Amino acid sequence: MPTAKPIRIKWNDEWRESVLGEYEVVELAPGHFLVSSNNEKFEVFALPDGRLSDGLSLDGVEINIETERERIVRERFNVTQLSGSLQSGTRVVKAPMPGLVRAVKVKAGDLVESNTTLLVLEAMKMENNILAGVKGHVDKILIEEGSSVEKNTKLMEIELT
């Protein structure tokens, strides 16, 4: 089944973004993948040092696929600007950890900047400000004050501007 969202791939030290439907990755065994793209198929192996290889060095081409962690860091700290097509749409804000929603600081329709506090999440007796991370309008608030949430629970949706 094709992946559901764009990914970034570093090909010979140049980051490229793949759009929906252009590729399919199937894990055949731990660290062994079958990649289909543009009617071509090739095997990829995850090496112990984190690089990827087809066992024949992919004709001397080194490929790095951006991890979920690297994507979050890039988006949160604007390490690299995204292309215009990925800057539009809706951003879902998820809980970074399990906790208790102490306060919701915005309401639907509010304009937020990347440093705007959306809500306060209490975890392990500490209050954590959850920031928007993007500029846009609050589209939906999916939780209420006093709610207990698990990690990755959808908290809000922000329509990007």
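Biologist: How many bridges join β10 to strand β13?

Modeller: This is a predicted model. In it, β10 and β13 (residues 136–141) run antiparallel. The number of bridges joining β10 to β13 is two.

Biologist: Which strands are the edge strands of the open sheet?

Modeller: The sheet has four strands, with antiparallel pairing. Their order is β8-β15-β13-β10. An edge strand here pairs on one side only. That picks out β8 (90–94) and β10 (111–112).

Biologist: Is V26 buried, partly exposed or exposed?

Modeller: V26 lies in strand β3, residues 23–29. Its relative accessible area is 34%. Buried means under 20%, and exposed means over 50%. The value of 34% falls in between, so V26 is partly exposed.

Biologist: Which residues is V26 in contact with, leaving aside its neighbours within four places in sequence?

Modeller: Contact needs heavy atoms within 4.5 Å. Neighbours of V26 within four places in sequence are left aside. What remains is H32, F33 and L34.

Biologist: How far apart in space are V26 and S36, C-alpha to C-alpha?

Modeller: In sequence, V26 and S36 are 10 residues apart. In space, their C-alpha to C-alpha distance is 8.6 Å.

Biologist: What share of the residues in the protein chain is buried?

Modeller: The protein chain has two helices and 15 strands. It exposes about 10,700 Å², with carbon and sulfur atoms supplying 52% of that area. A residue counts as buried under 20% relative accessible area. Of the 161 residues, the buried share is 27%.

Key: Residues are numbered from 1 along each chain as its sequence is written. This is a predicted model: local features need pLDDT of at least 70, side-chain atom pairs count only at pLDDT 80 or more; totals for chains, interfaces and linings use all residues. Side-chain values use heavy atoms; hydrogens and water are left out. Buried means under 20% relative accessible area, exposed over 50%, partly exposed in between (1.4 Å probe, protein chains only). Accessible areas come from the Shrake-Rupley method with a 1.4 Å probe; for residues, only the protein chains shown count as cover. Two strands pair if DSSP finds at least two bridges between them.
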